[in-house]
Structures are given as C-alpha cells and as structure tokens.
Amino acid sequence: MLEFLTGSGLAAAAGMNAYIPLLVVGVANRFFPDALQLPDGWAWLSNGWVLGIVAVLLVVEVVADKIPAVDSVNDVLQSVVRPTAGGLVFGSSSTASTVAVTDPAAFFASNQWVPIVVGAVIALTVHVGKSMTRPAANVATAGTAAPVVSTIEDVGAIGISLLAIVAPVLVLVALALFALLGWSLWRTARRRRNADLRSATQRLADS
C-alpha cells in the first residue's frame with residue numbers, strides 16, 4: 001500500500017512537472033539511500049549524467065512554463081513526456097524490476113508493465129487537468145497568471161514528491177488539496193472570462 005501511495009504521489013507530481021520527481025528520486029537514491037532504495041534495474045535514475053541531463057531539462061521546463069502562450073505550447077509537447085516520467089517514477093518505486101525489456105513476453109506475463117501504465121495514467125490525468133486550467137487562467141488574466149500558477153505547480157510537485165518518499169500516507173491529503181486548488185483557480189478564471197465577455201458584448205450593444 002505504501003509503495004502504491006509513493007508511486008501515485010510521484011506520478012502525480014510528474015503530471016505537473018516531468019523532471020522534478022525524476023530528479024527527487026535520483027537524488028534520494030544517490031545521496032539518501034535509507035530514504036529511497038531503487039531496484040537494481042532502476043539504479044540508472046541516480047547516475048550522475050542522468051541527473052545532470054534531468055536538471056538541465058528541468059531548468060528549460062521551469063522557464064518555458066512561466067511564459068504566456070509558450071506554456072500552452074510546452075504543455076502540448078509535454079503530453080508524452082509527463083506520462084512517460086510518471087510511468088518511470090511509479091515503476092521505480094514499485095516492484096517493476098526494470099524499464100529495459102529484453103523479453104517482451106516475459107515482461108507482460110510477469111505484469112511488470114502494470115505499475116508503469118498506472119503511473120503514466122495518473123500523470124496524464126494530472127497533465128490534462130493542468131492543460132485545461134492554464135489557458136483559462138491566461139485568458140482571464142491576460143497572461144499575468146502564468147508565472148504565478150506555474151510557480152504554485154512547481155512547489156506542489158516538489159512537495160508531493162518529497163511527501164511521497166518520506167510520508168506517503170499524506171500523499172492523498174496533498175493531492176486532494178491540490179485538486180481543490182486547481183478546481184478553484186479554473187472556476188475563478190472561467191467566471192472572470194465570462195464576465196469580460198459579457199462586458200465586451202454590452203459595450204458593443206451600447207455603441
């Protein structure tokens with residue numbers, strides 16, 4: 001059960017930012033093995049070169065996600081990356097032995113693919129929610145909300161990733177609170193956009 005909560009938290013974080021949970025998992029295994037010990041087949045996630053590449057990609061993601069319009073394009077590009085990262089972090093924190101499939105028949109027969117698919121689905125669900133909320137917020141605030149919302153998402157991804165490792169029981173609470181915040185932001189942005197449309201329509205009618 002704890003492994004499932006850990007994997008779920010990491011996959012959900014990947015849906016917000018693909019590289020934060022990957023970096024957290026790699027760093028934790030490399031420098032704090034008592035907190036997280038990856039299976040042998042997943043030890044490559046803590047390789048120095050892998051961590052360096054993920055860190056660079058994280059910087060690019062953080063910058064791009066805070067620029068209006070660019071963030072929407074980035075979300076489209078991340079539609080494959082985030083679910084993939086979600087599958088990786090869920091698989092690495094569960095009983096899936098390795099991502100390297102040398103014998104496809106044995107891989108599927110042993111159900112090693114299940115945690116990877118579950119993680120990908122969780123990350124994709126969060127990613128879709130994020131992709132729906134961001135455009136509405138950008139339109140309603142003329143793009144000014146992009147850096148604020150993005151920063152909240154980054155902080156949330158870091159927090160959920162850390163909780164997933166050190167206190168997985170609290171992951172459900174954190175995800176519920178974050179979902180409530182996302183729903184609230186989406187409704188606020190939608191109401192503001194509708195109000196602006198009504199105001200514009202009224203001005204046209206008056207003229």
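Which residues of the largest nonpolar core touch the most other members?

I am working from a predicted model, in which local features need pLDDT of at least 70 and side-chain atom pairs count only at pLDDT 80 or more, while totals for chains, interfaces and linings use all residues. I number residues from 1 along each chain as its sequence is written, and I take side-chain values from heavy atoms, with hydrogens and water left out.

I looked up the confidence, given as pLDDT (the predictor's confidence in each residue, from 0 to 100), and noted a mean of 80 for the protein, with 76% of its residues at 70 or more. Confidence is lowest in helix H5 (residues 104–109), at a mean of 52, and highest in H3, at 94. Over residues 96–102 the pLDDT stays under 50, and the model has 18 contacts there beyond four places in sequence, a contact being heavy atoms within 4.5 Å. I remind myself that where pLDDT is low, the predicted coordinates should not be read in detail.

**Overall make-up**

I find eight helices and zero strands, where helices (H or I, at least four residues) and strands (E, at least two) are DSSP runs numbered from the N terminus. Buried residues make up 40% of the 207 residues; buried means under 20% relative accessible area, exposed over 50%, and partly exposed in between (1.4 Å probe, protein chains only). Among contacts between residues at least 6 apart in sequence, 75% join residues at least 24 apart.

**The core**

Returning to the opening question, I list Leu22, Val25, Leu36, Leu38, Trp42 and Leu45 as the residues that touch the most other members, out of 30 in the largest nonpolar core. Such a core is a set of buried Ala, Val, Leu, Ile, Met, Phe, Trp, Tyr and Cys residues joined through side-chain atoms within 4.5 Å. H2 gives the most to this core, with seven residues. For Leu22, leaving aside neighbours within four places in sequence, I recorded contacts with Leu45, Val54, Ala85, Leu88 and Val89.

**Helix H3**

I then followed H3 (residues 48–64), whose 17 residues reach 25 Å from first C-alpha to last, close to the 24 Å expected, that expectation being 1.5 Å times one less than the number of residues. The buried residues of H3 are Leu51, Val54, Leu58, Glu61 and Ala64. They cover an arc of only 145° around the axis, which puts them on the same side of H3; the arc is that of the directions from the helix axis to the C-beta atoms. These buried residues pack against helices H1 (2–16), H2 (19–31) and H4 (70–92), whereas the face turned away from the buried side carries the exposed Trp49, Ile53, Val56, Val59, Val60 and Val63.

Is Lys130 buried or exposed? Lys130, in helix H6, has a relative accessible area of 5% and is therefore buried. The side chains of Lys130 and Glu153 are joined by a polar contact of 2.4 Å, meaning N or O atoms within 3.5 Å, where, within protein, one must be able to donate a hydrogen and the other to accept it, and residues adjacent in sequence count only if both atoms are side-chain atoms. Val126 also lies in H6, but counts as partly exposed because its relative accessibility is 25%.
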